[in-house]
Each structure stands twice: as C-alpha cells, then as structure tokens.
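Please keep the sequence and the model in view while reading.

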Amino acid sequence: MPSTEVATPHPADPSAPERGAGRHAAAPVSPAAPARLAPPEPLSRLRVLPPHLSALDPWTLLLGGAVLLAAAFTLVPALFPQPRVPTVTGVALPVATSAAATSPAPTTLEAPVYPTTSSVTPLISGRVNLNSASLEQLEALPKVGPALASRIVAGRPYRSLADLDRVKGVGPAALKALGPLVSF
C-alpha cells in the first residue's frame, strides 16, 4: 500500500503556520501507523443553521411576527365569542300641534281605484259587484280563492253582507276584509 501524505506547507513559506500550531496542521502519515482522528468539536461550537441563515434578517423576524399577530386577531374572536347586544336609545317623538294629526285614523277602508288604459284593464277597480263579477274578479279579492269564488257565484243574488255570510267559507275575518271592497 502506498504511503499517504497530507499536504503540508513548505517550511520556508512565511505564511505557513508552524507545525502543530493550527488545528488542521498536517503531519505525514505512514501506512503502518493508525490514522489519528481529530477530537470531536464541543456541541456548543457546532452550527445548527448554515452560515447564510445563522443570522436572521430583521425583516424576516418582523414578517413572522406580523403573521402570528394576524393569526391571533383572526382566532381570538372565533375561540372566545362575545355576545353583541344592540344599544337602545330613547328618542322623543315630535309633538303634533294640529287637530288633524291627533285625531284617530279613519276606520273605514275605501276600495282602491285603478286607472284603465287602452292596453291594461284591471281585474278590480273600486267596489266589486258580487252579483255581476266574474270568477277572476272574485279571486282577486283578499281571502277569496277559486273554491270560495265558485261558491259565491252559486249563491247569487246577494243584497247585503248578511247574505254573503251564509256562504260556506266566509267567516267574520273574511266579512271584515271584503266589506269595503264589495257592493250588491
């Protein structure tokens, strides 16, 4: 086996360290002598990160902190919800000075009157005559469906709301709703 030598600096070289002065000073190794290993470095001197990452950039730290802060602001309301209670404020109503504003609203409802145009004719406008109205016009009234409209047509002639009250399906609520909208 040929002899293996580790490169050593020339003794005349002024920049070369003295023999044994450096940690990496090389000595000739003979084939018969066992290779000596350098003692392991203490763990405190070992670098965990590569040299280009050993000193973290301050901007990287700032960005990491901002991400953690944003995550905290996002998660805290989800983890610790708090009830939201509406605030009620009292506001005084304006005082009415006229007599018309203090009088109660009229209790009688007037039938709506819809204008007729050349292309549109409303089904109902004003009061609907129960004795001459079609099924479609009767169905346009509130609380009147197809079945009740056909019973109203079958029960003709009518002279008052009392006559309309005899029709099956017409009760007090329907009479109250239909009273201002129908005529006889």
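Six helices and two strands make up the secondary structure of the protein chain in this predicted model. Read from the N terminus, these elements follow the order α-α-β-α-α-α-α-β. Among contacts in the protein chain with a separation of 6 or more, 37% join residues 24 or more positions apart.

The interior may be considered next. Of the 184 residues in the protein chain, 14% count as buried. The largest nonpolar core contains 20 residues, and Leu141, Ile152 and Leu164 have the most contacts inside it. Two helices, α4 (146-154) and α6 (172-178), each contribute at least two residues to this core. Which residues does Ile152 contact, if neighbours within four places in sequence are left aside? They are Leu130, Leu138, Val144, Tyr158, Leu164 and Val167. Leu164, one of these partners of Ile152, is also among the core residues with the most contacts.

The protein chain exposes about 15,300 Å², of which carbon and sulfur atoms supply 65%. A nonpolar patch on the surface is formed by Leu75, Val76, Leu79 and Phe80, whose accessible area together is about 430 Å². Is Phe80 buried or exposed? Phe80 counts as exposed because its relative accessible area is 59%, and the cut-off for exposed residues is over 50%.

Terms used: Residues are numbered from 1 along each chain as its sequence is written. This is a predicted model: local features need pLDDT of at least 70, side-chain atom pairs count only at pLDDT 80 or more; totals for chains, interfaces and linings use all residues. Side-chain values use heavy atoms; hydrogens and water are left out. A nonpolar core is a set of buried Ala, Val, Leu, Ile, Met, Phe, Trp, Tyr and Cys residues joined through side-chain atoms within 4.5 Å. Buried means under 20% relative accessible area, exposed over 50%, partly exposed in between (1.4 Å probe, protein chains only). Helices (H or I, at least four residues) and strands (E, at least two) are DSSP runs, numbered from the N terminus. Contact means heavy atoms within 4.5 Å. Accessible areas come from the Shrake-Rupley method with a 1.4 Å probe; for residues, only the protein chains shown count as cover. Patches are made of residues with over 30% relative accessible area and no salt bridge: like charges are joined within 9 Å, nonpolar side chains (Val, Leu, Ile, Met, Phe, Trp, Tyr) within 5 Å. A salt bridge is a side-chain nitrogen of Lys or Arg within 4 Å of a carboxyl oxygen of Asp or Glu.
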